[in-house]
Amino acid sequence: MNCRSEVLEVSVEGRQVDEAMLALLHTILLHRSTGKFHYKKEGTYSIGTVGTQDVDCDFIDFTFVRVSSDELDRVIRKAVAEFKDALGNSGSDGVGQISVEFYQKKKSRWPFSDECIPWEVWSIKVNVVNLANEQERQICREKVGEKLGEKVINIVEVINRHEYLPKMPTQSEVDNVFDTSLKDVQPYLYKITFQITDSLGTSVSTTMRRLIKDTLAL
Amino acid sequence: MDSDLSPQDKKDLDKFIKFFALKTVQVIVQARLGEKITTCSSSSPTGSDWFNLAIKDIPEVTHEAKKALAGQLPGIGRSMCVEISLKTSEGDSMELETWCLEMNEKCDKDIKVSYTVYNRLSLLLKSLLAITRVTPAYKLSRKQGHDYVILYRIYFGDVQLTGLGEDSSRLSAGFQTVRVGIVGTPIGTITLSCAYRINLALMSSRQFERTGPIMGIIIDHFVERPFTNMAHMHPCSYRTPGEDEGGTYAGIEDSQEVCTTSFSTSPPSQLYSSRLSYQTPALGTVDLCHPTTCTAAVHPHQMVVPGKEGGVPQVPAQPNHGTAAEHGRIPSCPTGQSHQPAPPTSCGSEVKTMCPSDAPETTFTRKVGAFVNKATTQVTTNSLDLPFAAFAPRVYDLEENDPMVHPPPSPAPSSPLQGSLHSNSSSHSGGQPHDDFVMVDFKPAFSKDDLLPMDLGTFYREFQNPPQLASLSIDVSAQSMAEDLDSLPEKLAVYEKNIDEFDAFVDTLQ
């Protein structure tokens, strides 16, 4: 099975990075989260209810929908904040990419640790621009809002192709497919990573560290 | 084709399609109410949330949808459409978008109904939630209120997109289509898409042409009116049918005792009519066509937002005036679902049965706007040559005929309305609905296109109602002569002290 990979690109102003990333990540996670599973007798389960809420952006003319789960929101916000800090530290011409990868765990025998097999990866490439005056910023608010709208349509289009999704697991396997740590919703297992490219186009240590960590984990 | 489907699967599939259609309508209409929507996640399944999504059911919307469906299901050649349009305070209306739930003949025989189709329909609803915030009508709907309102209409049958183009010859250039998603089923593929108008500037320029310059015609700039941004002020909360006082809905003539399950897009004070205009069909209310004969299938319904208080809540026009109403006991749909990873067996049994189709229907009254009296003839702009004649001064009409001065017998809920007609200096907020119509896309002279938030047009709107000058208030004028005289010596003393300054000033003038 090949991992499905989608790339979205946006150009935003510095102060719009947070909201743009939140909008796209939450849109993706909205589609990749279900209600909590409640297993009954062997082989049957019922699913909890997922609520949604509208979020208005302050720096972009855009409203997005996210899952009503404060815990999930906190996790995403933390990841986005780290990404933004890294982008900020890299210099004003920074280009970066934040990715959310959905994976399944495959149990391996001791001494090997579980394998994480990604089945879908969304990468959002961000290009931070600097604007000179308020008028440009106002135009940027609207333009970025429209762009994000297009990206949401792209996301929806990909998701509605109904390509591979992990099979619904039995109770013993549920933690290999879903993140059951949240109390109100249950997203598919995911991890958020990012990498920053400086203006010269070379990746910095974040990626290297990740590669090394993954290698050691094997 | 259907013979491949077991009876239980067929029954389940029909149920899924029916409730999917109802939920689709709810999502679309709620997204155009003008407010942010929030629902809560619940880890325990309640058994009443279809597709495992917390989507509230606004009873009147469900009622409208069921009426449009009339017991049928969306199917091949039978599409369910929700049309969203905008209606200005002037009475102009424009279609903004049409959402279509269709089915084509491409079948997916192998797909599992109770599991895969259900989950994919759930995913499609989530996509719909996301996409409804992205089309241009969303931003318009968030700003509705004073200048315009958003209306919806549900119809079943053939998709009609002609209203979205500028004119029939440019049909293809007038709108764009976005596909929300598709779900294959054994009896056909369900498709959900939206065709939305792309040229929204059309309306404002058209209106501008029609009405001409406004600077010389709107005379009463300083009539107080409440804030413009009503859209964000009220949470999307509404009372359940059980809380209504008195379950019957009055007939259309009535008024303001509105069914509590009907909601206003704008708070009462926004339904104003200019003091100088006599035509006042307030926004989207009365004259939405032919009051007594409109049918749900033909005429748009006022969008409503639950819970807004006071004044003139607006009610979607319903032809069922006169019938006794019972508030929608239409349950939002039940069934406890129990999914099974292993194939067979149907979904869990229904927890509640649906309200039988012959249950007493809810009647919705048409909400009557302030000063509106459908029965009387009203001065229309057509009868006068002046553009924007509605705002023309009283020369054109006599006070005796002024429906605003002598309001019709139909209920006028807010008594301050009458008082406000004759007071020109009141400056109270909230209680007094106002007399001003503000045009959509007000373009003040000499301002360029507004790119900045604080452009001239916005400045006009925001500062149109400054508080009264203290020196003009009655209190000051009531100051007695005696007090004036008493303060004179002090004033003279001050002036004498500063006499040098005054002399220098006079020198500069010479």
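The model is predicted: local features need pLDDT of at least 70, side-chain atom pairs count only at pLDDT 80 or more, and totals for chains, interfaces and linings use all residues. Residues are numbered from 1 along each chain as its sequence is written, chains are lettered from A and ligands numbered from 1 in the order in which they are written, and side-chain values use heavy atoms, with hydrogens and water left out.

Chain B contains 11 helices and 6 strands; these are DSSP runs numbered from the N terminus, helices being H or I with at least four residues and strands being E with at least two. Of the 510 residues in chain B, 51% are buried, where buried means under 20% relative accessible area, exposed means over 50%, and partly exposed lies in between (1.4 Å probe, protein chains only). Among contacts in chain B between residues at least 6 apart in sequence, 81% join residues at least 24 apart, a contact being heavy atoms within 4.5 Å.

The interface comes next. Chain B contributes 46 residues to the contact and chain A contributes 44 residues. Together the two chains bury about 3700 Å², with 57% of it on carbon and sulfur atoms; buried area is the accessible area (1.4 Å probe) that two parts lose on being put together, summed over both. Across the interface of chain B and chain A, 19 residue pairs are in polar contact, both residues at pLDDT 80 or more. A polar contact is a pair of N or O atoms within 3.5 Å; within protein, one must be able to donate a hydrogen and the other to accept it, and residues adjacent in sequence count only if both atoms are side-chain atoms. On the side of chain B that touches chain A, the elements giving two or more residues are α3 (113-131), α4 (136-142) and β4 (175-185) of chain B. Of these, α3(B) gives the most, with 10 residues. The residues on this side of chain B comprise 21 nonpolar, 16 polar and 9 charged; Ala, Val, Leu, Ile, Met, Phe, Trp, Tyr, Cys and Pro count as nonpolar, Asp, Glu, Lys and Arg as charged, and the others, Gly among them, as polar.

Side chains of opposite charge can pair when their charged atoms come close. A salt bridge is a side-chain nitrogen of Lys or Arg within 4 Å of a carboxyl oxygen of Asp or Glu. The structure holds 24 salt bridges over all chains, and the count between chain B and chain A is 3. One salt bridge pairs D56(A) with R142(B), with the closest N and O atoms 2.7 Å apart. Another pairs D54(A) with R133(B), the closest N and O atoms being 2.8 Å apart. This pair crosses from strand β5 (residues 52-56) of chain A, which holds D54(A), to the loop between α3 and α4 of chain B, which holds R133(B). Both D54(A) and R133(B) are buried.

The loop between α3 and α4 of chain B also holds T132(B). T132(B) has a relative accessible area of 0% and is therefore buried. Its side chain reaches the backbone oxygen of L128(B) at 2.8 Å. Leaving aside neighbours within four places in sequence, T132(B) is in contact with V27(B), I28(B), A31(B), R32(B), W99(B) and Y138(B).

Salt bridges also occur within the chains. K10(B) and D14(B) meet in one at 3.0 Å, N to O; both lie in helix α1 of chain B, 4 residues apart, about one turn of the helix. K10(B) is partly exposed at 23% relative accessibility, and D14(B) is partly exposed at 24%. In chain A, salt bridges that share partners join R4(A), R32(A), E120(A) and E163(A) into one network.

Two residues deserve a backbone note. F51(B), in the loop between α1 (7-31) and α2 (59-69) of chain B, is not a glycine but has a positive phi near 60 degrees; F51(B) counts as buried because its relative accessibility is 0%. H162(A), also not a glycine, has a positive phi of about 55 degrees.
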